[in-house]
Amino acid sequence: MLGIGATTGGLALGYGSWRHRTGLAARAVAAWGDSLTEGAGAGPDEAWPAVAEAKSGRRIANLGIGGQTSTQIAARQGAVPIAVSLTEGAIPGWIEADWDFRDGLSAWAPRLAAPPAAIFAEGDALVIEAEGTPFSGAQVWLGQQLEAGRTVTLSFEIDMGGASWIEVGLVNSGSATTFNGSWSARRGFSSGGLKSFDLTVGSDGEATANSLCVMTHTQVGTVRIGNVSLEEAQPEAAVSDMSVNVLTRSGAHVGAMQGRLAEAAGTMVTDPDGHWTFLRTETGPAVTVADGTAFVPDIAAAMADRAAWIWAGRNNAVAPETVKADIGAMIAHLDHGEYLVGSVLPSASDGSTTLAAIGALNADLAAHHGGRFVDCLAALQAGSDGSAGDQADVTAGLVPRSLRSDAIHLDAAGYARVAEAFVAASARSG
């Protein structure tokens with residue numbers, strides 16, 4: 001048993017034939033691979049996915065990243081889980097909000113008092129008619145519990161309207177519909193105008209907070225407040241471990257990848273030493289992340305419905321069982337049967353042991369995938385210019401040197417040959 005993974009069998013061929021018979025447009029394509037797919041050694045428009053797009057009329061996304069193994073490629077595609085653990089075990093909460101009162105009170109309500117202040121929206125402002133009642137004012141529920149130590153910036157414009165002292169800040173209310181609670185962080189002022197305050201949760205009594213409050217206390221006057229916003233620095237969570245490092249290119253730790261970790265959307269970034277950090281990109285409460293939770297790349301979902309043209313395994317060809325398993329996982333991960341698998345190319349710098357391993361690997365891939373196997377080496381050797389050097393390369397089982405830019409990467413003519421091979425195989429397989 002080859003350990004290559006599940007195939008879609010007759011269902012795949014039937015589906016492709018059905019699309020052909022009904023005249024439906026061919027699927028767009030995701031070209032998954034390494035530097036050979038990226039187009040190293042040629043210009044961006046000369047990479048084989050770009051050439052294949054021009055030849056076939058299908059939209060083809062070039063998803064090649066130099067230096068990546070079949071496991072890294074499969075992880076980007078979503079077939080191999082990227083298991084992540086966080087240093088602190090959680091993604092911090094994040095809040096950003098602003099209130100435009102042109103459409104009403106935007107969930108603001110009077111604080112509980114006897115009697116409460118009257119509040120209403122007028123133009124782009126929240127109006128508080130302060131009647132001198134202790135603890136009166138206006139308040140809004142924030143939709144999440146802010147933990148101690150979090151710092152938010154509150155900005156607004158205010159007309160004191162005769163009041164001599166007003167306090168603003170964060171309180172911990174009993175519920176989303178109970179507009180009361182004690183201060184967790186506050187600032188007071190005696191003059192109007194543009195204001196901006198940093199508020200640290202837990203700095204004034206209550207350890208947590210869930211509501212924003214404007215308190216007029218015993219003041220009498222008509223207070224107008226507008227352009228209210230609450231901002232917090234983008235939270236980040238340090239990663240202590242990951243099962244597959246997909247943030248590499250040609251041996252360097254670089255790049256960023258958008259995706260989801262547990263319930264949070266964000267961007268995974270790396271430093272030059274390979275240390276990952278998750279940057280949250282959507283607001284929401286803190287999220288606990290168990291060790292080994294999967295980080296799911298957005299690109300995996302975005303490309304899920306596309307046909308998969310896979311050219312992977314060159315950078316770990318000495319581990320053929322892994323290559324076969326990764327390619328098998330990528331195919332099994334598809335919800336359709338449209339895929340192609342390119343052969344692993346030998347390098348002119350490979351030794352005899354590696355060349356033999358690649359030959360055996362390609363034989364297994366060809367036997368398993370049949371008409372969905374693309375023999376890139378044969379296509380390239382068929383493009384030999386007949387020179388002595390090319391003939392020597394073909395005899396040695398290598399890519400002709402006239403189609404290479406170095407020992408392994410191709411030139412524009414070489415990539416064009418690969419593009420033709422993939423397009424032809426796609427037409428044959430339906």
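In β12, I166 has F189 as its bridge partner. Let me start from that pair. The model is a predicted one: local features need pLDDT of at least 70, side-chain atom pairs count only at pLDDT 80 or more, and totals for chains, interfaces and linings use all residues. Residues are numbered from 1 along each chain as its sequence is written, and side-chain values use heavy atoms, with hydrogens and water left out.

First, the sheet. Helices (H or I, at least four residues) and strands (E, at least two) are DSSP runs, numbered from the N terminus. Two strands pair if DSSP finds at least two bridges between them. Here, β11 and β12 run antiparallel and are joined by 7 bridges. Strand β11 covers residues 166-172, and strand β14 covers residues 209-215. These two pair in the antiparallel sense as well, over 5 bridges. Look at E167: its bridge partner in β14 is M215. Further along, G169 stands opposite C213 in β14.

Now zoom out. Which strands form the open sheet, and in what order? There are 5 strands, in the order β6-β9-β14-β11-β12, and the pairing is antiparallel. At the edges stand β6 (109-110) and β12 (182-189). Each has a single partner strand, so one side of each is left without a neighbour in the sheet. As background, strands of a sheet pair through backbone hydrogen bonds, either parallel or antiparallel.

Is β11 enclosed or open? 7 of the 7 residues of β11 are buried, so the strand is largely enclosed by the rest of the structure. Buried means under 20% relative accessible area, exposed means over 50%, and partly exposed is in between (1.4 Å probe, protein chains only).

Next, the helices. Helix α4 spans residues 70-77, and helix α6 spans residues 320-333. Their axes come within 9 Å and cross at roughly 15 degrees. That makes α4 roughly parallel to α6. Axes are lines fitted to C-alpha atoms, for helices over the stretch in contact, and angles run from 0 to 180 degrees between N-to-C directions. Under 35 degrees counts as roughly parallel, over 145 as roughly antiparallel, 65 to 115 as roughly perpendicular, and the rest as oblique.

Who meets whom? From α4 come S70, T71, I73, A74 and Q77. From α6 come T322, V323, D326, M330 and H333. The residues of this contact divide into 4 nonpolar, 5 polar and 1 charged. Contact means heavy atoms within 4.5 Å. Helix α4 is mostly covered, with 8 of its 8 residues buried. After α4 comes G78, whose phi is positive, near 100 degrees.

D305 lies in the loop between α5 (298-302) and β24 (307-311). Is D305 buried or exposed? At 52% relative accessibility, D305 counts as exposed. Not counting residues up to four places away in sequence, D305 touches R27 and H336. From D305 to A148 is 157 residues in sequence and 44 Å in space, C-alpha to C-alpha.

Then S426, in helix α10 (residues 412-429). S426 has 14% relative accessibility, so it counts as buried. Leaving aside neighbours within four places in sequence, S426 is in contact with R58, W309 and L340. S426 and V29 are 397 residues apart along the chain, yet their C-alpha atoms are separated by 11 Å.

Methods: Nonpolar A, V, L, I, M, F, W, Y, C, P; charged D, E, K, R; others polar.
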